Amino acid sequence: MTSSRKPQRSFFERGTLTVARALIGMHLVHDDGRTVCAGRIVETEAYLGPHDRAAHSWRGRTRRTEVMFGPRGHAYVYFIYGFWDLLNVISGPRGVPQAVLLRALEPLAGLAGSTWGPGLLTRALHIDRRLNGAELIGVDYAGEWAQRPWRFFDRDSPYVSTAPARLRPRPRAGAEALGNNARGAPGAR
């Protein structure tokens with residue numbers, strides 16, 4: 001996709017809950033210089049910090065959350081649980097740290113692996129903290145904020161992170177699913 005296909009800044013100049021809903025169905029494309037990966041956004045989750053106890057900005061401005069206080073339409077990519085990089089879109093006005101977490105994608109091009117969950121999504125798209133601040137276009141400890149109905153998803157997509165496993169498409173087992181590396185290996189058909 002060309003940069004002319006990116007949403008206008010005005011797309012992000014609406015309330016965070018509106019942006020979270022509007023992102024459903026949009027395409028997320030990442031070109032890392034080797035591969036172009038694309039998927040249709042099917043699940044998002046809004047964070048309305050600093051009063052939202054589920055938001056990173058709840059505890060105030062830190063080096064980690066600094067990008068959340070910046071301009072709308074930029075990426076907030078952070079490392080969590082010692083394993084995952086997660087991608088958020090900044091959606092609050094400058095100085096108001098609100099964001100939308102991208103939770104699941106329906107694969108369109110260049111994606112290998114699962115994309116139904118925010119960590120799996122970033123892994124499949126090769127997105128990491130190097131993109132933190134780049135222009136783009138259930139949390140038990142949070143008490144009542146964890147129960148806010150601010151998660152939005154495409155109810156018909158089997159790629160939503162909370163979809164029952166029986167509804168999710170799975171890669172075919174065997175040599176066909178593994179590509180050329182499996183052909184001729186012991187036990188391969």
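Trainee: Which residue forms a salt bridge with Glu43?

Mentor: In this predicted model, the closest N and O atoms of the pair are 3.1 Å apart. The pair links distant parts of the chain, with Glu43 in strand β2 and its partner in strand β5, 60 residues apart. The partner of Glu43 is Arg103.

Trainee: Is Glu43 buried or exposed?

Mentor: Buried means under 20% relative accessible area. Glu43 has a relative accessible area of 0%, and Arg103 has 10%. Glu43 therefore counts as buried.

Trainee: What does the salt bridge of Arg9 and Glu135 tie together?

Mentor: The side chains of Arg9 and Glu135 meet at 2.5 Å, N to O. Arg9 lies in helix α1, whereas Glu135 lies in the loop between α3 and β6, so the pair ties together parts that are 126 residues apart in sequence. Arg9, at 34% relative accessibility, counts as partly exposed. At 43%, Glu135 also counts as partly exposed.

Trainee: Which residue forms a salt bridge with Asp128?

Mentor: The closest N and O atoms of this pair are 2.5 Å apart. The partner of Asp128 is Arg130.

Trainee: Which residues touch the most other members of the largest nonpolar core?

Mentor: In soluble globular proteins, nonpolar side chains tend to be buried together. Here the largest nonpolar core has 23 residues. Elements that each supply at least two residues of this core include α2, β2 and β5. The residues touching the most other members are Leu23, Leu28, Leu87, Leu102 and Leu125.

Trainee: Which residues does Leu23 touch, not counting those up to four places away in sequence?

Mentor: Leu23 is a member of the largest nonpolar core. Beyond four places in sequence, Leu23 touches Phe11, Ile41, Thr44, Val89, Val100 and Leu102.

Trainee: Where does pLDDT stay under 50, with 4 contacts beyond four places in sequence?

Mentor: The mean pLDDT of the protein is 78, and 76% of its residues reach 70 or more. Over residues 138-142 the pLDDT is below 50, but that stretch has 7 contacts beyond near neighbours in sequence. Where pLDDT is low, the predicted coordinates should not be read in detail. The stretch with 4 contacts is residues 171-189.

How values were computed: Residues numbered from 1 in each chain as written. Predicted model: local features only at pLDDT ≥ 70, side-chain atom pairs only at ≥ 80, totals over all residues. Heavy atoms only, no water. Core = buried A, V, L, I, M, F, W, Y, C linked by side-chain atoms within 4.5 Å. Buried < 20%, exposed > 50% of the residue type's maximum accessible area, 1.4 Å probe, protein only. Helix = DSSP H or I, 4+ residues; strand = E, 2+ residues; numbered from the N terminus. Contact = heavy atoms within 4.5 Å. pLDDT = per-residue confidence, 0-100. Salt bridge = Lys/Arg side-chain N within 4 Å of Asp/Glu carboxyl O.
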